[in-house]
Amino acid sequence: MDSRRHPGWPAVLSHGRVGLRPLKFRDASAWSKLRLSNEDWLVPWEPSSSQSWADRHSVAAYVTMYNRLRPQARSGLLLPFAVTYDDAMVGQLTVANVVRGALRSAQIGYWIDEAVAGRGVMTVAVALAVDHCFGPVGLHRVQIDIRPENARSRRVVEKLGFREEAYFVRYLDIDGAFRDHIGYALTVEDCPRGLIRRLASNA
């Protein structure tokens with residue numbers, strides 16, 4: 001891997017009980033179990049598909065996804081992380097659409113197991129990812145797009161100081177229809193000391 005072209009990957013990040021690490025081939029069973037057991041929790045925020053939830057989240061589906069994401073990560077196009085809590089996989093966070101050059105930007109998407117929601121796990125995970133993007137990865141801007149109805153996810157970004165920059169009408173095909181999204185963003189100038197330090201100082 002050419003670190004000059006693909007800085008910051010692979011990476012293992014942690015703060016307290018929360019961690020981010022690269023997705024692994026052996027995560028297939030744990031990933032499938034989490035996705036299948038969280039269907040009702042996740043469906044409203046997931047892209048539309050003609051496949052059943054079970055088919056989309058089988059072990060075989062994970063292997064297909066993993067094989068697609070791995071070369072993109074090696075090419076510096078995205079950073080696919082497993083979210084861990086006490087070292088157990090509890091979700092996924094992907095830094096996607098990495099653009100270099102004058103923009104130096106990326107988008108973050110994530111999901112988490114309902115069983116650990118409300119404990120601040122994803123807030124810490126996003127903070128770790130943003131600090132990594134603004135540090136070793138060398139990006140300038142990070143964006144997160146969220147449906148207006150997704151109050152829990154909006155609280156995550158608002159707690160971290162993301163600003164609301166845009167309202168996208170009928171933006172993405174989610175749960176059977178094109179849904180509006182709010183665009184939140186941060187630039188490196190917004191958090192010179194890092195988001196993990198900001199969280200710690202506000203604790």
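The 27 positive and 21 negative charges of the chain have mean positions that lie 7 Å apart. This value, like those that follow, was computed from a predicted model. The accessible surface of the chain amounts to about 10400 Å², and carbon and sulfur atoms account for 50% of that area.

The chain contains seven helices and eight strands. Its C-alpha trace extends over about 45 × 40 × 35 Å along the principal axes. Of the 203 residues, 46% are buried. Where contacts join residues at least 6 apart in sequence, 62% of them connect residues at least 24 apart.

Aromatic side chains were examined next. Five aromatic pairs were counted in the model. In one of them, the ring centres of Trp 9 and Phe 81 are 5.1 Å apart and the ring planes meet at 70°; because an angle over 60 degrees counts as edge-to-face, the pair is assigned to that class. Trp 9 is located in the segment before β1 (13-15), whereas Phe 81 belongs to strand β3 (residues 79-85), so this pair ties together parts of the chain that are 72 residues apart in sequence. Both Trp 9 and Phe 81 are buried.

Another edge-to-face pair is formed by Phe 25 and Tyr 66, with a distance of 5.9 Å from centre to centre and an angle of 70° between the planes. Phe 25 is found in the loop between β2 (18-22) and α1 (28-37), and Tyr 66 in helix α4 (residues 59-74); the pair therefore ties together parts that are 41 residues apart in sequence.

Notes:
Residues numbered from 1 in each chain as written. Predicted model: local features only at pLDDT ≥ 70, side-chain atom pairs only at ≥ 80, totals over all residues. Heavy atoms only, no water. Helix = DSSP H or I, 4+ residues; strand = E, 2+ residues; numbered from the N terminus. Buried < 20%, exposed > 50% of the residue type's maximum accessible area, 1.4 Å probe, protein only. Contact = heavy atoms within 4.5 Å. Areas by Shrake-Rupley, 256 points an atom, 1.4 Å probe, with all protein chains shown as cover. Lys, Arg positive; Asp, Glu negative; His and termini not counted. Charge placed at Lys NZ, Arg CZ, Asp CG, Glu CD. Phe/Tyr/Trp six-rings, centres within 6.5 Å; stacked < 30°, edge-to-face > 60°.
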